[in-house]
Amino acid sequence: MNKETSEMLVRTGRDTPMGNLMRRYWVPVLMSSEIGEPDGPQVRVTILGEKLLAFRDSAGLPGLIDEFCSHRGVSLYFGRNEENGIRCAYHGLKFDRNGKCVDVPSAPQSCARMNIKSYPCIERGGLLWAYMGPVEKMPEPPELEWATLPSSHIFISKRVQECNYLQAMEGGIDTAHVSYVHRYEVDNDPMHKDTKALDYIKADGNVIFEIEKQPFGLTLFGRRNGESDSYYWRITQWLFPWFTLIPPFGQHSLAGHIWVPIDDHNCWSWSVNFHPDKPLSDEERRQLEEGKGIHCEYEPGSFRPKANKDNDYLMDRQAQKDKRAYSGIFGFAMQDASLQESMGPIQDHEAERLLPTDKAIVMARRMLHEAVLGLEQGIEPPALSVSAQHVRAAGVLLEHSADPTAWAKEHLTDSRAHPVYSI
């Protein structure tokens with residue numbers, strides 16, 4: 001990828017081409033529980049390079065406003081959340097959840113010119129989502145399957161990943177690495193163990209990909225040898241611009257990710273597990289809370305992983321030698337993050353030499369690039385309709401002669417009308 005294209009894709013701040021594109025979609029900002037109480041403490045949030053504050057007003061309604069007071073630029077994080085607004089601790093200006101200045105004690109007549117930026121918010125799937133684009137272009141609220149389920153059916157975590165969103169998300173699109181970096185831990189992980197899928201994955205590391213461009217993004221068909229008369233297909237979905245749906249394993253819960261830029265050098269990696277038709281069991285929830293599966297343990301009081309670049313991700317060379325951890329790092333999340341962060345805050349895309357297994361990454365980059373260029377020409381971005389989100393990932397055995405794209409079109413494009421397909 002040349003430098004010009006790379007720069008266009010990785011820069012997401014205000015008034016950048018990619019930033020303008022991403023602001024046309026509902027953005028996951030934080031967990032609803034992080035602003036749990038009316039008039040509770042406001043929370044700093046940086047999304048797409050913008051420093052913001054999230055809070056609940058006295059009625060319990062969420063707000064997302066500029067962090068800084070319009071008067072002298074003081075951080076409203078140090079203000080008071082009371083009586084339906086945030087009051088600046090410096091000179092007492094007060095702002096409601098819509099950014100409207102409702103009080104200037106020293107000059108009441110100045111309220112109208114002291115308003116600050118705010119963004120519309122909704123709550124879905126236990127998350128607070130914001131729309132940061134032109135109000136007249138606001139799409140319908142998200143309808144990803146997990147976002148429409150009862151809280152008992154889903155578990156969501158987030159972690160800071162210290163690299164650009166693009167290289168993190170590309171790890172979610174690239175399923176070929178499962179045969180390597182996760183190879184030794186899958187047998188014991190409670191979200192993957194005791195499934196036939198693992199036998200096929202470990203027996204055939206030479207995965208062959210077919211990629212189909214979709215109105216919602218990409219469908220990735222990863223083919224491995226199955227039984228004597230069949231192939232094992234892992235069907236992954238990439239939903240524009242930052243969602244991935246992971247093929248399930250056996251009867252374990254379904255899973256997915258969201259990759260949201262904090263700024264150009266950091267991103268939020270959201271991880272989701274869910275059952276479409278039943279609650280997560282107490283045991284499943286306990287294991288997820290402990291950081292098993294695609295989740296992780298944290299440094300106390302933060303969303304930074306306990307295993308991080310400052311401690312070499314707690315790498316254990318003896319475990320690597322003993323074939324207990326392929327890279328010597330434990331936990332799927334940090335096995336991936338360690339490698340993606342090792343590329344640097346922003347990968348040098350000009351220096352990479354891609355392989356056939358990178359076809360999906362190339363197509364995703366091209367789709368993002370085309371959407372950015374299209375938006376600059378007045379063409380509406382893809383996948384704004386919520387119907388584009390009604391898809392599901394799958395793992396399935398199909399006869400050698402079967403067409404996986406035709407099968408997926410019939411069985412995966414309206415997720416709620418079909419059972420979960422998993423091996």
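Before I go on, a word on the conventions. This is a predicted model, in which local features need pLDDT of at least 70 and side-chain atom pairs count only at pLDDT 80 or more, while totals for chains, interfaces and linings use all residues. Residues are numbered from 1 along each chain as its sequence is written, and side-chain values use heavy atoms, with hydrogens and water left out.

Let me turn to the overall fold. The protein chain has nine helices and 18 strands, and its C-alpha atoms fill a box of roughly 80 × 50 × 45 Å along the principal axes. For 423 residues, a compact globule would have a radius of gyration near 22 Å, and the 22 Å of the protein chain agrees with that; the radius is taken over C-alpha atoms, and the rule is 2.2 Å times the number of residues to the power 0.38. Of the 423 residues, 58% count as buried, where buried means under 20% relative accessible area, exposed over 50%, and partly exposed in between, with a 1.4 Å probe and protein chains only. If contact means heavy atoms within 4.5 Å, then among contacts between residues at least 6 apart in sequence, 60% join residues at least 24 apart.

Which residues touch the most other members of the largest nonpolar core? In that set of 79 residues, they are I47, W146, M169, W238, F240, W242 and L368. Helix α8 (residues 359–376) gives the most to this core, with eight residues. Such a core is a set of buried Ala, Val, Leu, Ile, Met, Phe, Trp, Tyr and Cys residues joined through side-chain atoms within 4.5 Å.

Next, some individual loop positions. P248, in the loop between β15 and β16 (254–263), is buried, because its relative accessible area is 2%. Leaving out residues up to four places away in sequence, P248 touches R234, L254, A393, A394, G395, V420, Y421 and S422.

Is D15 buried or exposed? At a relative accessible area of 65%, D15 is exposed; this residue lies in the loop between α1 (3–10) and α2 (17–22), and its phi is near 65°, a positive value in a residue other than glycine. E83, in the loop between β5 (80–81) and β6 (86–87), likewise has a positive phi, near 50°, and is exposed at 59%.

Finally, G49 is placed in the loop between β2 (43–47) and β3 (50–56), and it counts as partly exposed because its relative accessibility is 45%. Beyond its neighbours within four places in sequence, G49 is in contact with I262 and D263, while its C-alpha atom and that of R11, 38 residues apart along the chain, are separated by 9.3 Å.

How values were computed
Helix = DSSP H or I, 4+ residues; strand = E, 2+ residues; numbered from the N terminus.
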